[in-house]
Amino acid sequence: PLEYVPSAANFILVRVGDGQRVFGEMQKLGVIVRPMGGYQLPEFIRISIGTPAENERCLAALRRVLGR
């Protein structure tokens with residue numbers, strides 16, 4: 001259970017702790033998210049909504065990076 005910002009857009013903001021680190025680790029796994037430190041939200045990443053398969057791949061990578 002991660003904190004997130006509800007959204008009506010095609011992305012969500014998720015609080016992951018060290019957003020820059022999570023961004024880098026996700027990128028190594030081939031999943032591109034965006035760190036939000038430049039918007040004064042260093043604990044968040046932005047995740048774009050994709051197809052069901054892309055969303056599952058993203059969630060699996062996020063679980064791996066966060067050790068969950």
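A pocket, on a 1 Å grid over the protein atoms alone, is an open set of points where a 1.4 Å probe fits, with protein on both sides within 12 Å along at least five of seven lines, and its lining residues have an atom within 4 Å of a point. The model shown here is predicted, so local features need pLDDT of at least 70 and side-chain atom pairs count only at pLDDT 80 or more, while totals for chains, interfaces and linings use all residues. Residues are numbered from 1 along each chain as its sequence is written, and side-chain values use heavy atoms, with hydrogens and water left out.

**View A. The second largest pocket.** Here we look at a space of about 250 Å³, a volume being the space filled by probe spheres set on grid points that are joined across faces, edges and corners. Its lining counts 13 residues, with V31, I32, V33, S48 and C58 nearest the centre. Both β4 and α2 give two or more residues to this lining; helices (H or I, at least four residues) and strands (E, at least two) are DSSP runs, numbered from the N terminus. The top contributor is α2, with four residues. By type, the lining splits into five nonpolar, four polar and four charged residues; Ala, Val, Leu, Ile, Met, Phe, Trp, Tyr, Cys and Pro count as nonpolar, Asp, Glu, Lys and Arg as charged, and the others, Gly among them, as polar.

**View B. The largest pocket.** This one holds about 310 Å³ of space. Among its 15 lining residues, L2, V14, I47, L59 and L62 lie nearest the centre. At least two residues each come from β2 (11-15), β4 and α2, and α2 supplies the largest share, six. The lining has 11 nonpolar, two polar and two charged residues.

**View C. The largest nonpolar core.** Such a core is a set of buried Ala, Val, Leu, Ile, Met, Phe, Trp, Tyr and Cys residues joined through side-chain atoms within 4.5 Å, where buried means under 20% relative accessible area (1.4 Å probe, protein chains only). This core has 14 residues, and V16, V22, M26, V33, I45, I47 and L62 have the most contacts inside it. Two or more residues come from each of α1 (19-28), β4 (44-48) and α2 (52-66), with α2 giving the largest share, five. Leaving aside neighbours within four places in sequence, V16 is in contact (heavy atoms within 4.5 Å) with V22, E43, I45, L62 and L66.

**View D. Helix α1 and its buried face.** G19, V22, F23 and M26 are the buried residues of α1. They fall within an arc of 105 degrees seen down the helix axis, so they line one face of α1; the arc is that of the directions from the axis to the C-beta atoms. These buried residues pack against β3 (34-35), β4 and α2. Just after α1, G30 takes a positive phi of about 85 degrees.

Key:
Buried means under 20% relative accessible area, exposed over 50%, partly exposed in between (1.4 Å probe, protein chains only).
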